[in-house]
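The following exercises are meant for a reader who meets this structure for the first time. Each task is followed by a solution in steps.

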Amino acid sequence: MNINKADKKLIKKINTVSILKVIREKGPISRADISKIIGLNPATVSSNVSDLLNQKIIEEVGSGESSGGRKPILLELNTNEIFVIGVDMGIRKVTAGLINIDGKVINKVTLHFKMETDRKQVIKTMKNSIYEVVKGFDDKLDKIIGIGMGIHGPVDSEKGVSIYAPAFNWSNVNIANIFEDEFKVPVIIDNDCRAMALGEKWFGKAKTSKNFVLLNIGTGIGAGIYLNGDLYRGSNFGAGEIGHVSITHNKIKCQCGKYGCFEAVASGVGIVRRFVEKIEEGKKTSILNKMSIKDITSEKIYEEALQGDKLSIQILNETGRYIGDGLSIIINILNPEMILMAGGVARASEFIFGEIKETIEKKSINNNLKSLYIGETDLKENAGIVGAATLIIRDIFTV
Ligand SMILES: [Zn+2]
């Protein structure tokens, strides 16, 4: 059999990536143990490890237990050599994070978009968030290997195009090109919930899960779907738009133009809207002793619920029932092992989780509830930026 040069190069790349994966998952680990795990001969492992040490992607970190002879030297990922910027683009704000190869957040910055902002302003604010987050980290600037971004709405991650972002009223914007021109590093973008799901798979609770759904409830609602060991995007990059499933006959208009959407009642905006309606109907709440109606946010309603305000508790309980309605659809159709909740609303867990549980027990198929885990994400408020960074980090470990 003849192996040509290109094949040899590919084989070397495959070996290098397999070694890196083992070091990431099992490190600190010796060359001999790597060789045993992936079944490569020790000489090949040593030669590839030398290359990785020269590139400073991995480092030697002391010695392990000896099984007779010399104590083996252990290898680990070098967390001071490769950095990534993760950008989580919300509807009202953008957060940029400086993140190491191990998914650890070194620094983060959040900037708010101006209301009624235009496309140029949004992009300028996004660029500023990146410039801000690296300020004071001059020693790491040339170690940044790429920028990952999570954006709401459908995203063509292969072309780097935001197909449609309802909150910014734009369509078909090549975000990757714009940011590659500005920062001269590779840029990978994807839907924000999908990026979050990827982050949980690599660095959070879903490490061992092959089928799980991340539900993000913030200003809007969306889901990242991980099926059979990979992200599921759908035929037009539109999978996971659970926020626009109709769950109520209330004539509440959603920002998508339709009525009764899950997002219109259970997102941060939906919570405030239902709360204000009750006030207008004459219901009493202690929140009005502290602020006027226009200053009420879902966070403030949560704080008031913690103080024992009945209306706030009632509205959050009702939110839990709506979320249960949305989740039971996901549970019945996808039968996931795990549902991870991200976003600000998930933090009100003491007022919503009980109602969520009760509702899904009523509305989901029993078989699909067996061994189902529902809980908050591990990465919590960093889920967006770490997930976005993972879009780039994943590339290092992929042939
Ligand atoms: Zn909608």
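Predicted model: local features only at pLDDT ≥ 70, side-chain atom pairs only at ≥ 80, totals over all residues.

## Exercise 1. The division of the chain

Task: State into which domains the protein chain is divided, and how many Å separate the centres of domain 1 and domain 3.

Solution. 
Step 1. Domain 1 spans 5-77, domain 2 is made up of 83-201 + 383-396, and domain 3 spans 205-377.
Step 2. Taken over C-alpha atoms, the centres of domain 1 and domain 3 are separated by 45 Å.

## Exercise 2. Helix H8 and its surroundings

Task: Compare the reach of helix H8 with the expected value, and identify what covers its buried residues.

Solution. 
Step 1. Helix H8 comprises 13 residues, 268-280. From its first C-alpha to its last it reaches 19 Å, which is close to the 18 Å expected at 1.5 Å a residue.
Step 2. The buried residues in H8 are Gly268, Gly270, Ile271, Val272, Arg274, Phe275, Val276 and Ile279.
Step 3. Their cover includes helix H7 (262-266), helix H9 (298-306) and helix H10 (310-334).
Step 4. Just after H8 comes Gly282, with a positive phi of about 105 degrees.

## Exercise 3. Aromatic pairs

Task: Classify the pair Phe113 and Phe168 and the pair Tyr131 and Phe183, and place each in the chain.

Solution. 
Step 1. A pair of aromatic rings is described by the distance of the centres and the angle of the planes.
Step 2. The count of aromatic pairs comes to 8. In the pair of Phe113 and Phe168, the ring centres are 5.3 Å apart and the planes stand at 80 degrees, so the pair is edge-to-face.
Step 3. This pair links distant parts of the chain, 55 residues apart. Phe113 lies in the loop between strand S6 (105-112) and helix H4 (119-134), while Phe168 lies in the loop between strand S9 (161-165) and strand S10 (170-174).
Step 4. The cut-off for a buried residue is under 20% relative accessible area. Phe113 has 9% relative accessibility and therefore counts as buried; Phe168, with a relative accessible area of 8%, is buried.
Step 5. Tyr131 and Phe183 form a tilted aromatic pair, with 4.8 Å centre to centre and 45 degrees between the planes. Tyr131 belongs to helix H4 and Phe183 to helix H5 (residues 175-183), so the pair ties together parts that are 52 residues apart in sequence.
Step 6. Tyr131 is partly exposed, with a relative accessible area of 38%, whereas Phe183 has 17% relative accessibility and counts as buried.
Step 7. One aromatic cluster is formed by Phe113, Phe168 and Trp170.

## Exercise 4. The hairpin of S9 and S10

Task: Describe how S9 and S10 pair, and state which residue in their hairpin takes a positive phi.

Solution. 
Step 1. The pairing of S9 and S10 is antiparallel and has 4 bridges.
Step 2. Tyr164 stands opposite Ser171, a residue in S10.
Step 3. The hairpin has 4 residues between the strands, and Asn169 takes a positive phi near 55 degrees.

## Exercise 5. An open sheet

Task: Give the order of the strands in the open sheet of 5 strands, and name its edge strands.

Solution. 
Step 1. The order is S14-S13-S12-S15-S16, and the pairing is mixed.
Step 2. Strand S14 (230-231) and strand S16 (373-376) are the edge strands, each of which pairs on one side only.
Step 3. Strand S13, residues 221-227, and S14 run antiparallel and are joined by 2 bridges. The bridge partner of Tyr226 is Leu231 in S14.

## Exercise 6. Charges over rings

Task: State over the face of which ring Arg24 lies, and over which Lys251 lies.

Solution. 
Step 1. Arg24 lies over the face of Phe397, 5.7 Å from the ring centre.
Step 2. Lys251 lies over the face of Tyr259, 5.2 Å from the ring centre.

Conventions
Residues numbered from 1 in each chain as written. Heavy atoms only, no water. Domains from an automatic or database assignment. Expected span 1.5 Å × (residues − 1). Buried < 20%, exposed > 50% of the residue type's maximum accessible area, 1.4 Å probe, protein only. Contact = heavy atoms within 4.5 Å. Phe/Tyr/Trp six-rings, centres within 6.5 Å; stacked < 30°, edge-to-face > 60°. Lys NZ or Arg CZ within 6 Å of the ring centre and 35° of its normal. Pairing = 2+ DSSP bridges.
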